[in-house]
Amino acid sequence: MKEFLDMGGYAAFVWPAYLITFAVVGLNIAWARRALARSQRDARRRLQTQVQLRKEAA
Amino acid sequence: MNASSANPAVARLPVAAPSEAGIASAPLVAARLTLLRDLQLAFRKPAQLLQPLAFFALVTLLFPLAISPELARLREVAPGVLWAAALLASLLALEFLFRDDAQDGTLEQYALCGQSLTWLLMAKTAAHWLLTGLPLALIAPLAALSLGAPPAALAAIVVTLAVGTVTLSLIGAIGAALTLGIRRSGALLSLLTLPLSLPVLIFGAHATQLAIAGSSWFAPFQLLAALAVLAVTLAPLAAAAAVRISLE
Amino acid sequence: MAWTWFHRLASPPHVYALAARLTPWFAWPAAVCIVAGLYGGLVLAPPDYQQGDGFRIMYVHVPSAWMSLMVYTTMAVAAAIGLIWRMKVAHAVAASCAPIGASFTFVALVTGSLWGEPMWGTYWEWDPRLTSELILLFLYLGYIGLRAGIEDPQRADRASALLAVVGIVNVPIIHYSVVWRNSLHQAPSVMRLAKPAMPLSMLTPLLLMLLGFTLLFGALLLVRLRGEVLARERTASWIREAVEG
């Protein structure tokens, strides 16, 4: 196990590389989902405004 | 109705009369008129023309002060400095390619007048090069000498810069067209134009380096010329599309 | 008849629903491939003859670099389709690609740099691949910057689309100009992995990671696409069902 973590002496390079890669992967997933949620919120709000305007016009 | 009979105080829009030279060459007539018009208008504001040149001279001055006064050392960095400075100066000059015409609506007239927008933009870019790129190439020997370049290399420097700035003007025209009307677009324009201009920098600096060393600079110059030909054929089309998109 | 599925791809409500249905089909296989690739690459593959265990960075660097190029190509193709056929969905695809591509270009640069230090003795090296990758990052940033700088959404779509198409024409030119330049300056060491044939135990995890990252891109794209499609449909009636249902 210690050998594995040591990566033949290259640990200081290998592990940061993997960490940053998967940090970015995670960020991408979170970011994409947040963007979708935001778009859905905006769409909902626009709909509500539309409905309200229609009611007021009626 | 051609430029020679027009009142020089009024630079006209290039609405070419079909009867004049046949419809087939109407775009060329329009292009010629646009070229002349742009040159006429530019010479009314000579200060504007000098700014990029002054900037170029200043940037090349920075390096002897920042690096070392020794000509031997400067000679090593001279190709890079000359070309980086030329690139930056041409970026600065891009500002006035479309600015005036966009502001007073002339550009819209160009897009609507029924002439080929591609040819009109090619003419505008040609005028721009004659006003900025070519003068830059012509004063470059002074900068080159101040950086330790041997006199034998000066012809190469002028020729490579003259050809390279053609490509830079053309690529810059696309960037300028895309960023039309955007407030404070200077940094964005640089961000868009510089990556696309890097091959010109690479080949031009290499040619200059070979010339300074006294070897044959033909190979990179050929590549530089090839880039220019590619740019002349494709860039005006892209720029015309970009202008249409920006004016929509 | 055979083209109906193609025409439907231009329809925002159809794409919105389809993307939602397809996402798990990309996400879960992506996870499986990546986990399998990681296990194969970190545990099963033997150390390299020259680089020891340091070569294992390859399993994240190569997929990231692959992503950076593939995503840009996807973006440019979608942009071209959007420009030529004036399809909002195509522009939505291009917009979705940009942040994904830019972030993986960044990862490719960082992991490449971390690989470079033990292998070449330097964190940065102006070799063709790293240099072109850096320029690619700027192309992405330019695209994102142009989108951000234009207020009108339609103009933003079309202007950035043109930029992407101009960019893709330039990518090979830029790359080869750097290759050419470096060949004349005899770059100290070219990143040479193993000898011509990589043993299967090393190659398979790499292929799994490449596949996994590609599938991951698919999933991320589908999620972002739904949001972008929604944002481009201001008042269409299908939104009501889609958002409230």
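Predicted model: local features only at pLDDT ≥ 70, side-chain atom pairs only at ≥ 80, totals over all residues.
**Exercise 1.** Find which residues C:Leu162 touches, not counting residues up to four places away in sequence.

*Solution.* Start with the contact rule: C-beta atoms, placed from the backbone, must lie within 7 Å. On the chain B side, C:Leu162 then picks up B:Leu178, B:Ala238, B:Ala241, B:Ala242 and B:Ile245.

Residues are numbered from 1 along each chain as its sequence is written, with chains lettered from A and ligands numbered from 1 in the order in which they are written.

**Exercise 2.** Work out which elements of chain C give two or more residues to the side that touches chain B.

*Solution.* First, the totals: 21 residues of chain C meet 20 of chain B. Next, helices are DSSP runs of H or I with at least four residues, numbered from the N terminus.

**Exercise 3.** Describe the make-up of chain C as a whole.

*Solution.* Count elements: eight helices, zero strands. Then check the extent: the C-alpha atoms fill a box of roughly 60 × 40 × 30 Å along the principal axes. Finally, look at contacts with a separation of 6 or more: 79% of them in chain C join residues 24 or more positions apart.

Key. Contact = placed C-beta atoms within 7 Å.
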